[in-house]
Amino acid sequence: MLTRTQQFLSDHPVCCFCGGEAPSEEEDHIPGRDFFKGRHWPEGYSFPACKDCNASTRHDEMLVNVFSRALPLEDSEEQAAEFKRVLTGLKNNFPHILAALQPRANEVRAIIKALGVQRLPGQFLSEMPFLSADHDAVQVSLGRYGLKLGCALFYKHLARLLPKEAGVLVKWQTNVRLSLDGLPEGLVSLTGVPGMLNRGKSILNDQFQYRYGLQDDGNAAVFFIGFRLSLYYSLTCVNDVRQLPEFPPEVRVWRPRDLQKPHLTPAMQR
Ligand SMILES: [Zn+2]
């Protein structure tokens, strides 16, 4: 008699993240359970992973979680306590990154001008509730997590994994960027409504939802994902990276092998 996990690994024998060469060893929840209120994650969103792939985005996930909760759903004590816990985790492991999330005064000034937001009398720019995603480590973590989301959703909706030749173009937007820049080109034509995501009777679409389009030959898929009303990902996943057009050098196309080694390692303990 197999346990539920053994059964899962026997049904999904290969890690779906690193290109199809590693056997699955663990179940990886994508998005992570910590993204959800009370850790009630949606049913059907666990994926076969090798140990390296499961572990390697643990710290990226911490950062993405902060951005995914930037605009709270409701002002409940539970939500506030969860957000505080996420920030404390970040502070304990990566204090310099936490500090870098505070935007500089001139950035805040530019954002409030662009958004047409009024500052309250006596309010300092540093008190305005914005996060900065400018730090390099933040950019890389958000990109790596986008790759992981792309591998997982491709596996779920095409019932096969992205091979090592695959490429994933990851574009992410904070709620501020989405309202200023609009949807990325090419996604506007996506059809369908987001599927219902639930655990038992709880509907989780207020915390995580997405729409997607699959190419008829099954060689490509696009996903548009929203975390709360806070963080948005647009992902283009192709079976073979050569299907993508040439991009300028500053555009990074992510490859499944990028997940094998962690990107962030916590600060040394004193
Ligand atoms: Zn793997």
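Two residues are taken to be in contact when their C-beta atoms, placed from the backbone, lie within 7 Å. The model is a predicted one, so local features need pLDDT of at least 70 and side-chain atom pairs count only at pLDDT 80 or more, while totals for chains, interfaces and linings use all residues. Numbering starts from 1 along each chain as its sequence is written.

By that contact rule, and leaving out residues up to four places away in sequence, L131 touches F67, A70 and L101. L131 sits in the loop between α6 (105–115) and α7 (136–158); helices here are DSSP runs of H or I with at least four residues, strands are runs of E with at least two, and both are numbered from the N terminus. A70 is 61 residues away from L131 along the chain, yet their C-alpha atoms are 7.7 Å apart. With 17 other C-beta atoms within 10 Å, L131 comes out as partly exposed (20 or more would be buried, 12 or fewer exposed, in between partly exposed, with C-beta atoms placed from the backbone).

Helix α3 is another story: 10 of its 11 residues are buried, among them F67. Its buried residues pack against α4, α5 (95–100), α7, β3 (167–174), β7 (220–227) and β8 (231–238).

As for the α3–α4 pairing, H59, M62, L63, N65 and V66 of α3 meet V86, L87, G89, L90 and N93 of α4. Sorted by class, this contact holds six nonpolar, four polar and no charged residues (Ala, Val, Leu, Ile, Met, Phe, Trp, Tyr, Cys and Pro are nonpolar, Asp, Glu, Lys and Arg charged, and the others, Gly among them, polar).
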